[in-house]
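Keep the sequence and the 3D view open as you read.

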Amino acid sequence: MDDAGERSQPPLTIRTSRAASGGSADAWPPVAEEPVSPTARLMDGFYIVVTMGLGSPLDLPVFRAGIGTQLARYPRFRCIQVTKDGQPRWVRAPALNLDDHIIVVPSPPDMVSSDSDRAVEDYVSSLSTAPMDRSRPLWEFHFLDFPTSDAMSTAVFRVHHSLGDGMSLLTLLMSSTRSAADPSRLPAMPAPPARSGDIYARPRPPRSAGVLAFIAWLWSFVVLAWHTVVDVTLFVATIAFVRDPHTLFKRDNGGGDGEFPRRKRFVNRSLSLGDVKFLKEALNCTVNDVLVGVTSAALSRYYFRRSGDDNTRKICLRSILLVNIRPTTSLQEYVNMIESSKSNEVKWGNQLGYIILPFHIAMYEDPLEYVRKAKKMVDRKKSSLEVVFTHMLGEVIIKTFGVKAAGVIFRRMISHTTISFSNMIGPAEQVEFYGHQVVYIAPSVYGPPEALTVHYQSYSNTIKVILAVDEEHFPNHGQLLDDFTESLRIIKDGAVRK
């Protein structure tokens, strides 16, 4: 990537010993090694791309200083992967040269003057086929210092998925931001969900609740066990032989033959968080239920318009949903740990399990039916340990059959489904990132073989829907984005009428 942009600043090298931050160099082991986790090994070839619109032109010296001060603290961001005795391990790099990780992209005059939004979109999409130098820590910042329709400049953060999952990387980025209203403090983060502790926790009712409440509590474990058996069986069957029907959302080859990743285009659209919360209250569900319902509605609109199929037809497509299996702790607490030099207490890396989440493709007379069905389906998935067992299954497969066989199985599982889906919670207020106000945050991923990946990212009073689409398979991706906007509007109008 050295020829991808121009760098006008002198090289800045950060020593990766404790001495660089004022401590003794002997405080760090000469070579701080640790094995790459089984889940991280499955992520080989998967990359996270976070596009951030900035509210001011690029101030490169400020960004360079901030990146050097913040990211140099985290072991994963100053380590490389090496193979020893047949096993990949994290090994500390001797130095971190920021010039290897900061790319300022020259502005193409013709494209920028005619369509700067398209210029940014084209550049970010080009990263999906650009390799990273594995002799260096696998992360980069790309800066496009020209205005677009909704930002004065753009920062693109690309990182290999083995360094962390969405939750840990978002925590890292948020610890580097400050409130735009008061730069002396961290940004306000949304409150944690109602669940506390492990994903399988079932609080025991107090004695005053009576015998029936105690019996219901015991019965919840029976239901949990039964649902887990069913879900894990279907998960294994999906790996073995169960596959989604071929629709216009899937490539002809299923995209699962291990080829070099095909070019992905990353596009996004803003949705009103207020509208989503209105539906949450009106339908007595969660924000995630609403977003799953909106996704089903949008995919349904796109499918029936493009395919010409009878509107009475119903299709069940499935997605791979990555789920954070850490005990529920608020993002604010994690950010505070980092700020108080307790970053070792944060569980970095990939702490992920998998859920197969169905999406119903159908045309309903009542648009609220999309959200009702989504809530019913998601509630059912919450009463299962599928995510815990799939996390354990991935580790067992790697230890038993090796990473190559596990990778084949992993990609086979993905290729037997249709899309990937995720929903991330971001700051509840506007933030500054190294002195630059952030206008929007749009994370996505490339590497998975599906032709379509759907991400949602909340930030302040908006939600971004971000699509990573196979360029050849979705040449009219703008229509699909329009369907998300229109589906939310129709569902909200239906709730207002009720």
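The model is predicted. Its largest nonpolar core has 55 residues. Helix H12 (residues 477-497) packs against both H9 and H7.

**Nonpolar cores**
- In the 55-residue core, the residues with the most contacts inside it are Ile67, Phe77, Trp139, Phe141, Phe143 and Phe157.
- Strand E3 (residues 47-54) gives this core its largest share, 6 residues.
- Phe77 is in contact with Leu71, Leu96, Pro137, Trp139, Phe157, Val159, Leu163, Leu169 and Leu172, leaving aside neighbours within four places in sequence.
- In soluble globular proteins, nonpolar side chains tend to be buried together.

**Helix H4**
- Helix H4 spans residues 166-175 and is mostly covered.
- Of its 10 residues, 9 are buried.
- These are Met167, Ser168, Leu169, Leu170, Thr171, Leu172, Leu173, Met174 and Ser175.
- Leu169 and Leu172 are also among the contacts of Phe77.

**H7 against H12**
- Helix H7 (residues 287-307) packs on H12 at about 125 degrees, and the axes are 8 Å apart.
- The two helices are therefore oblique to each other.
- Their crossing is right-handed.
- On the H7 side, the contact is made by Gly293, Val294, Thr295, Ala297, Ala298, Leu299, Arg301, Tyr302, Arg305 and Arg306.
- On the H12 side, they meet Gln479, Leu480, Asp483, Phe484, Glu486, Ser487, Leu488, Ile490 and Ile491.
- The contact residues divide into 10 nonpolar, 4 polar and 5 charged.

**H9 against H12**
- The axes of helix H9 (residues 368-382) and H12 come within 8 Å and cross at roughly 95 degrees.
- Angles of 65 to 115 degrees count as roughly perpendicular, and H9 and H12 are therefore roughly perpendicular to each other.
- Leu368, Tyr370 and Val371 in H9 meet Ile491, Gly494 and Ala495 in H12.
- This contact has 5 nonpolar residues, 1 polar and no charged.
- Ile491 of H12 meets H9 and also takes part in the contact with H7.

**Arg118**
- Arg118 sits in helix H3 (residues 109-126).

Terms used: Residues numbered from 1 in each chain as written. Predicted model: local features only at pLDDT ≥ 70, side-chain atom pairs only at ≥ 80, totals over all residues. Heavy atoms only, no water. Axes fitted to C-alpha atoms, helices over the stretch in contact; angles between N-to-C directions. Helix = DSSP H or I, 4+ residues; strand = E, 2+ residues; numbered from the N terminus. Parallel < 35°, antiparallel > 145°, perpendicular 65-115°, else oblique. Contact = heavy atoms within 4.5 Å. Nonpolar A, V, L, I, M, F, W, Y, C, P; charged D, E, K, R; others polar. Buried < 20%, exposed > 50% of the residue type's maximum accessible area, 1.4 Å probe, protein only. Left-handed = near helix turned anticlockwise from the far one by under 90°. Core = buried A, V, L, I, M, F, W, Y, C linked by side-chain atoms within 4.5 Å.
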